[in-house]
Each structure stands twice: as structure tokens, then as C-alpha cells.
Amino acid sequence: MSARRAYLDTTPGEIRGVVTLDGRPEHLMLARDDDDPRLQPGARIAARVRRVEPAFASAFVDLGEGIEGLLDYPPDRRPVEGEMLEVEVRAAPRPGKLAAVRATGPAEAPVRLLAPGPTVADRLAHLVRSREVVTGAEARRMADAAEEAALTEDHVLPGGGVLVIEPTRALVAVDVDLGPRKGPDPKSLLRQLNLTAIAETARLLRLKGLGGLVVIDLAGRGHDGTALLNAARNAFSVDNPGVAFGPVSRFGTLELTVPRRTRALAEILLEPGGAPSDRTLAQRLVRRAESEAEAETGRVVKIQAAPAIARLAWPLVDRLAGRMGARFKPGVEADWPRDRFEISVP
């Protein structure tokens, strides 16, 4: 039976929650101080219908302060422009897509947040029921490892072989490669590789926050479609409701759709070009500063960083100093690249 564990890492400005499956990260949840609570899955909002699009059975709703959500409605419950509805955020927004919401009943003006979505701790408790949540240094190590795995494209499969996951604008492409893996029975080897790859794809998509249309290019040809579909249904069962499968094609691909409920981790942690964002670098600096202050109790910790990172990091470092009673000496290096920072004890 698969075993899951929960970890919670807290730093000024950011909370990270991790769920592992058999010792490997399966979920990584991030909450930052500047997150808009109206865009978090599970948030309930008194919203106003701004525009109805009957041709698509959908409506644009005002969530407040210029933020819109997309509401799909059933044929027998077409909303009216200007109507107030209580809605629940079902999926976070992503580039080019609005937050998806569902109507839960009528509401009274004005447009406002009625209740925030579940916290990271709430989500951990939901995913790993009746289990202890690990904190401290072990949780930080696990969160760092989960963050690294979430941003990696190439993944070595247990027992050999490689899995490559590449999100595109239209779909998530998954390639299964045998690699150097060899054995006396090639057919059995390919079968086991593909079964392992399907299970790992399910785990890694959850970790990365990816969904939508997923196309898995399986290794080899002449597949046992029934066995692979059964394995896929089992691997993706925790993502229901909303998972749907197509047959294994004659080209050796398995297509499925997986609900996309959260933002992809890469969208949160990286800039569009693929480099870590200023905020991500600032949070990494604060974690390093905290670790150094814990190791050097009572001494001044010197921090040097580029201007863009310092602007975001120094208020967080001040909060860290107040919480720990530690002393930090920040400095700005105008000619440093944004991804360089140094932490030392003079």
C-alpha cells in the first residue's frame, strides 16, 4: 500500500507544503504573502455577472478590483447580466486563461470576498488524513527537493528509463524513453517500463501542477491497451472527478485529460523565459539567511545581494530577525547579476 507523508515549511513571505508518495514528492503547495485570496481555489466570492455568452454557455463575472472569472452554466440556469451570484473558485488562473468558477447560489451586493480558500495546512490535512505533519529542517529539505523536481523536465524512472514532461500551450507532452535499460525479455521490459512511466506521470503532473490534455508517447509498439488503461485509471484515480481517457493509439500514444485546479509551479517560481523570478530568488535568500543565523547563534550575519533581489528580500529579513532575535547586516551590490547573493559571518 502506498504511503503518504506531509511536510510544512514556513519562511517569512512564503509557506510551502509537501506531500510525498513512497518517499518522493507528489504535491508542492506554495502560499505567498502577496497572493490574491480571490484567485485561490476554494475561495467563495459574491460576484456580479458582467457579460453572458450564450453561444458558449459561459459568463464573465466580476470578482472585484478588475479581476474576472469564467463561469460555465447549465442550460436551465442562464445568468442575467448584472445579477449577483455566490461563486466558488474551482481553478486558479493561468496565462491566457481566467480563473474558473462555479455558482453556488444567489448573493447580495457588493462584490466581495466571502471566505478565503483552504490554507496550505488545510490542504495537507485533506491529502494526508490523520497523519503527523513534519516541520523544521526535514520539511525544508523536502520542500527544496520538491521544488527542484517540479522544475525538472527529465526524470529518471525507477529501474531505469527516462520520462520527459514538456508543457506546451495546447497540451502536456510526455515522452517515455527506454534509455540504457536492457533485459533478456524486451517485451516484458517495455511493458514494465510503460506501467512505471504511467504511475510516475500521474505523480509528477500533480507535483508540477499540470493538467489539461496530456499525451503520453509510450515506449515501443504493439501495446496491451487494456493493461495500460487499467494502470492509468488506477494512477490518476486521486485526480477525479474529471479525468477522462482515450484508447492507446496505433501510434503508441495514450491521451487523457486531467483537471487543472492550481497554477503550474513553473508559472509561480519562474519568469516566462525560464529563469527564477526575483521573488523566488528572494525567498531562497531568506531561507539561506535563516539557516545561517541558526548555525551562528548570537553573531551578525552579513547578506549581500543585487538591487532587485534586495528590494524584495530586506523586508522579509527584517521579519526573520524579529522572529529569531537574530542580527543581519544587509548590503546591496549594484553590479551583481540578479541571481547572485552571498551570506557570511564576518
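**View 1. H3 and H4 run roughly parallel to each other, given the angle of their axes.** Roughly parallel means an angle under 35 degrees; over 145 is roughly antiparallel, 65 to 115 roughly perpendicular and the rest oblique. The model is predicted: local features need pLDDT of at least 70 and side-chain atom pairs pLDDT 80 or more, while totals for chains, interfaces and linings use all residues. Residues are numbered from 1 along each chain as its sequence is written, and side-chain values use heavy atoms, without hydrogens or water. Helix H3 covers residues 186-208 and helix H4 residues 225-235; their axes come within 9 Å and cross at roughly 25°. Axes are lines fitted to C-alpha atoms, for helices over the stretch in contact, with angles from 0 to 180 degrees between N-to-C directions. Helices (H or I, at least four residues) and strands (E, at least two) are DSSP runs, numbered from the N terminus. Arg191, Asn194, Leu195, Ile198, Ala199, Ala202 and Arg206 of H3 meet Ala227, Leu228, Ala231, Ala232 and Ala235 of H4. Contact means heavy atoms within 4.5 Å. By class, this contact has nine nonpolar, one polar and two charged residues. Nonpolar covers Ala, Val, Leu, Ile, Met, Phe, Trp, Tyr, Cys and Pro; charged covers Asp, Glu, Lys and Arg; the others, Gly among them, are polar.

**View 2. Helix H2 (residues 137-150) packs with helix H6 (residues 278-295) at about 155°, axes 13 Å apart.** H2 is therefore roughly antiparallel to H6. Their crossing is left-handed. From H2 come Arg140, Asp144 and Glu147; from H6, Thr280, Arg284, Arg287, Glu290 and Ser291. The contact of H2 with H6 has no nonpolar residues, two polar and six charged.

**View 3. H6 and helix H7 (residues 307-324) cross at roughly 35°, and their axes come within 9 Å.** This crossing is right-handed. Among the contact residues are Leu281, Leu285, Val286 and Ala289 of H6, and Ile309, Leu312, Trp314 and Leu316 of H7. By class, the contact of H6 with H7 has 15 nonpolar, one polar and five charged residues.

**View 4. Glycine 331 lies in strand E18 (residues 327-332).** Glycine 331 touches Ile303, Gln304, Ala305 and Trp314, leaving out residues up to four places away in sequence. Glycine 331 and tryptophan 314 are 17 residues apart in sequence and 9.4 Å apart in space, C-alpha to C-alpha.

View 5. Most residues other than glycine have a negative phi, and most peptide bonds are trans. A cis bond joins alanine 109 and proline 110, with omega about 5°. Proline 110 sits in the loop between strand E8 (99-106) and strand E9 (112-115). Asparagine 240 and proline 241 are also joined by a cis peptide bond, with omega about 0°. Proline 241 is in the loop between H4 and strand E15 (244-245). Aspartate 22, not a glycine, has a positive phi of about 55°. The loop of aspartate 22 runs between strand E2 (14-21) and strand E3 (24-32).

Note on methods
A crossing is left-handed if the near helix is turned anticlockwise from the far one by less than a right angle, and right-handed if clockwise.
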